[in-house]
Amino acid sequence: MSLQVRQQVSLKPYNSFGVDVQARLFAEAHSDADVRDALAYARDHDVPLLVIGGGSNLLLTADVSSLVLRMATRGVRVLSDDGSKVVLEAEAGEPWHPFVQYTLAQGLSGLENLSLIPGTVGAAPMQNIGAYGVEIKDVFAGLTALDRHSGELRDFSLEECDFAYRDSVFKQQPGRWLILRVRFTLDRTAHLHLEYGPVRQRLTEQGIDQPTATDVSQAICSIRNEKLPDPAVLGNAGSFFKNPLVPAALVAQLKGEYPDLVAYAQPDGQMKLAAGWLIERAGWKGFRENDAGVHKLQALVLVNYGGATGLQLLDLAQRIQKDISERFHVNLEMEPNQY
Ligand code: FAD
Ligand code: NAP
């Protein structure tokens, strides 16, 4: 067995909140064989297996008794190229943003709006990562996953992934599918999405009126760098709550009391509320208790000033949920995966 299993490993460097908990057992997978070894080890030693990538969407509230397997597989390959569309396949452990930059350097468009999202390729389908009006489902060409129940490989098409807002079949069936590699259809001709948030405005400020996909990526990176805390400096897991989808009637009622309420119409007739707006309006922006807090520039992001525990962050999140429910009659759902 090539897999190296270590005991009592701090997970602090492996979660972007920087929460200091111990994994009883820890290993890194550099190949499919390592993944199979880890499954066999977990079965033989009767321990659960927790698969992680970059740890940027985790809330760890206690020491982990599982075997934690960090996906570190690497590789990107071209599967097809008809001169216009290119299908690329990337291994699960590829870091996401460098992969996006690689595609742009190859003259391929499609992932530019998803620039600077932390984490790995393999975790991206878990919650159908999205930003600035694009989700991976928009460029998704398929993936290969290991069924942890049967040990068999399975290819998933777009339809079979059941992608929705921050959701997928993989998130719905926790612990069942281990994603090994993901395929994307990218385009040699850019079809840019600029109408979301301040993207077009930022490009205009830079004097760019005919942007390339790389221009869009750079504009998004600059917007994100201004607003979002860098996990290497201030622990966080990005947005801590999903934007709630609510009936239009509730929005109409809330608008009576809060005329500046931020809500976006959805194709199915529901409305999406900006959870950050609700949390800010409730007065939580910049709140801090011990080392757990709400970011000063973006109320949707909970932060760890250094020594916060996962339970302190969870307690803060639950207090925010209760307050938002009482004030606005809206339930906020947590986005990070809690262990
Ligand atoms: P992890 O946190 O390691 O794991 C997340 C979940 O996926 C866990 O349940 C884990 O068990 C599972 N998992 C991981 N790898 C695999 C695998 N190979 N097979 C099966 N299961 C697996 N998200 C967005 O959608 N949009 C954003 O714009 C965005 N911005 C962010 C900004 C910041 C500053 C931060 C810290 C986070 C942000 N996120 C965003 C959240 C996060 O980056 C993404 O969800 C990312 O895809 C998580 O990847 P990861 O490798 O870190 O996953
Ligand atoms: P923002 O631009 O301040 O916008 C606030 C919210 O309004 C966003 O959550 C976004 O919803 C929504 N929104 C803005 N313009 C919209 C439009 N034209 N149509 C529909 N909805 C619109 O948000 P931000 O916090 O700076 O984040 C920018 C983008 O990066 C967003 O897409 C956000 O989802 C993504 N992001 C995600 C995470 C994460 O961890 N999940 C972290 C940071 C940033 P949506 O969130 O549904 O897009």
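Start by selecting Arg-77 and Glu-91. The two form a salt bridge, with their closest N and O atoms 2.8 Å apart. Now colour by strand. Arg-77 belongs to strand S6 (residues 76-81) and Glu-91 to strand S7 (residues 85-91), so the pair ties together parts that are 14 residues apart in sequence. Keep in mind that this is a predicted model. A search of the whole structure turns up 26 salt bridges.

**Colour the domains**

Next, colour three ranges. The domain assignment gives domain 1 as 6-71, domain 2 as 76-187 and domain 3 as 235-338. Stay with domain 1 and domain 2 for the next stops. Their C-alpha centres lie 22 Å apart.

**Where domain 1 meets domain 2**

Select the contacting residues on both sides. Domain 1 brings 11 residues, in contact with 15 residues of domain 2. How much area is buried between domain 1 and domain 2? The figure is about 1000 Å², and carbon and sulfur atoms give 59% of that area.

**Zoom in on Asp-32**

Across the interface of domain 1 and domain 2, the rule finds 1 salt bridge.

Which elements line the domain 1 side? Select helix H1 (32-44) and strand S3 (49-52); each supplies at least two residues of the side that touches domain 2. H1 gives the largest share of that side, with 4 residues. Now colour this side of domain 1 by residue class.

**Last stop: the aromatic rings**

Switch to aromatic side chains. The structure holds 14 aromatic pairs. Select one of them, Phe-17 with Phe-240. This pair is tilted, with 6.1 Å from centre to centre and 55° between the planes. Then trace the chain on either side of each ring. Phe-17 sits in the loop between strand S1 (6-10) and strand S2 (22-29). Phe-240 sits in the loop between strand S13 (235-239) and strand S14 (245-246). The pair links distant parts of the chain, 223 residues apart.

Terms used. Residues are numbered from 1 along each chain as its sequence is written. Chains are lettered from A and ligands numbered from 1 in the order in which they are written. This is a predicted model: local features need pLDDT of at least 70, side-chain atom pairs count only at pLDDT 80 or more; totals for chains, interfaces and linings use all residues. Side-chain values use heavy atoms; hydrogens and water are left out. Domain bounds come from an automatic or database domain assignment. Contact means heavy atoms within 4.5 Å. Buried area is the accessible area (1.4 Å probe) that two parts lose on being put together, summed over both. A salt bridge is a side-chain nitrogen of Lys or Arg within 4 Å of a carboxyl oxygen of Asp or Glu. Rings of Phe, Tyr and Trp (its six-membered ring) pair if their centres lie within 6.5 Å; planes under 30 degrees apart count as stacked, over 60 as edge-to-face and the rest as tilted.
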